[in-house]
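Dear colleague,

Please find below the structure that I am handing over to you. The notes that follow it set out what was found.

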Amino acid sequence: MTDDSAVKVRAEDGRCVNGDDISLFINHLPNQKDTTAFFTENASGSTSQAASVVEAMECGARTLLMDEDTCATNFMVRDALMQKIVSDEEEPITPFSGRMRALYEKAGVSTVLVAGSSGAFFGQADTIIQMDRYEPKDVTARVRALVPFQKGEAAAPAAGGPDICPDQKRRFPRPGRDFDEERGRVKHKSLGTDGFLIGHGETDLRLVEQLADREQSECLARTFLLMAKGKMNGRNNVASLVRGWELDFQREGFGMYEENGHIPGDLARPRKEELAAAISRCRGLVWGTSTSS
């Protein structure tokens, strides 16, 4: 029904963030944390959603799907009164409403947003559809009579500001101690669409909503085990790991998971977008960053 690279993005309070460049949306935090390589074990709604946006772009997403109900309000928009009370210099968040149009015009990333309480995005939307008794109606012309179209240049980063395409090439994961072999084998356990365990370390995928079934989660866990024996070595970034997995799968299919002459029968292929999401959310990895790409 949509672009096959579309990624649902939402706030995920408490998720880990591993070295993401979220400076496009968040800067000069009160604790002086570096937002060009942001790490946290307990992200807020705004920092988690900023991370999810740049992670989606990192793996090539061209469409972002957002539902106002599951988004962080302060990440999405700042109204005129709030801007008067809290100046731009005091506010660390540049809201998504200030970047959405530039993401499309400069990076080719579209946004499909479901909103029920705020018209803040009307001026930047190419098409506006109203749901009326479960029936979709195109009300773009009606809205344009009230709100003129706003060109994206006004929302683009100023000269010297962050690039509209954050540099995510600097994140290099490698296996942590949860991947240490015990009796010759690393134990793993699928938790259904909630995620999986490697050793005692959990990868929480409960809010990665496009993961469809437990067989995909099982496939992700086995992919981690394969990567830990080779390509996930602290020298390949997330994008190259995902790209390498795609090429291997095209050549070998599920045969790449063969063990002792047997291919597990409880596997379903996840999308590359869900693999990238799992890597970014894994608490059992050790992350290095580099100033070079």
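Is Glu209 buried, partly exposed or exposed? Glu209 is partly exposed, with a relative accessible area of 42%; here buried means under 20% relative accessible area, exposed means over 50%, and partly exposed lies in between, with a 1.4 Å probe and protein chains only.

Before going further, please note that this is a predicted model, in which local features need pLDDT of at least 70 and side-chain atom pairs count only at pLDDT 80 or more, while totals for chains, interfaces and linings use all residues. Residues are numbered from 1 along each chain as its sequence is written, and side-chain values use heavy atoms, with hydrogens and water left out.

Salt bridges

The structure holds 21 salt bridges, a salt bridge being a side-chain nitrogen of Lys or Arg within 4 Å of a carboxyl oxygen of Asp or Glu. One of them joins the side chains of Glu209 and Lys8, at 2.5 Å from N to O. This pair links distant parts of the chain, 201 residues apart: Glu209 is in the loop between β11 (201–204) and α6 (214–228), and Lys8 is in strand β1 (residues 7–8). Helices (H or I, at least four residues) and strands (E, at least two) are DSSP runs, numbered from the N terminus. Lys8 is also partly exposed, at 22% relative accessibility.

A salt bridge also forms between Arg283 and Glu41, whose closest N and O atoms are 2.6 Å apart. Arg283 lies in the loop between α8 (272–281) and β12 (285–289), and Glu41 in the loop between β3 (38–40) and α1 (45–58), so the pair ties together parts that are 242 residues apart in sequence. Arg283 is partly exposed at 38%, whereas Glu41 counts as exposed at 51%.

In a further salt bridge, the side chains of Lys231 and Asp248 meet at 2.9 Å, N to O. Lys231 is in the loop between α6 and α7 (238–252) and Asp248 is in helix α7, 17 residues apart. Lys231 is partly exposed, with a relative accessible area of 38%, but Asp248 counts as buried at 14%.

Strand β1, which holds Lys8, belongs to an open sheet of three strands in the order β1-β4-β5, with parallel pairing; two strands pair if DSSP finds at least two bridges between them. β1 and β5 (110–114) stand at the edges with a single partner strand each, so one side of each is left without a neighbour in the sheet. Two bridges join β1 to β4 (residues 63–67), and the bridge partner of Lys8 in β4 is Leu65.

Elsewhere, β6 (residues 129–132) and β7 (residues 135–138) pair in the antiparallel sense over four bridges. Gln130 has Lys137 in β7 as its bridge partner. The two strands form a hairpin with two residues between them, and Arg133 in the turn has a positive phi of about 55 degrees.

Helix α6

How many of the 15 residues of α6 are buried? Eleven are, and the helix is thus mostly covered; among them are Cys219, Leu220 and Phe224. What covers these buried residues includes β9 (188–190), β10 (195–198), α7, α8 and β12, where contact means heavy atoms within 4.5 Å. At the start of α6, a side-chain oxygen of Asp213 reaches to within 3.2 Å of the backbone nitrogen of Glu215.

Yours sincerely,
A colleague

Methods: Polar contact = N/O pair within 3.5 Å; in protein donor to acceptor, adjacent residues only side chain to side chain.
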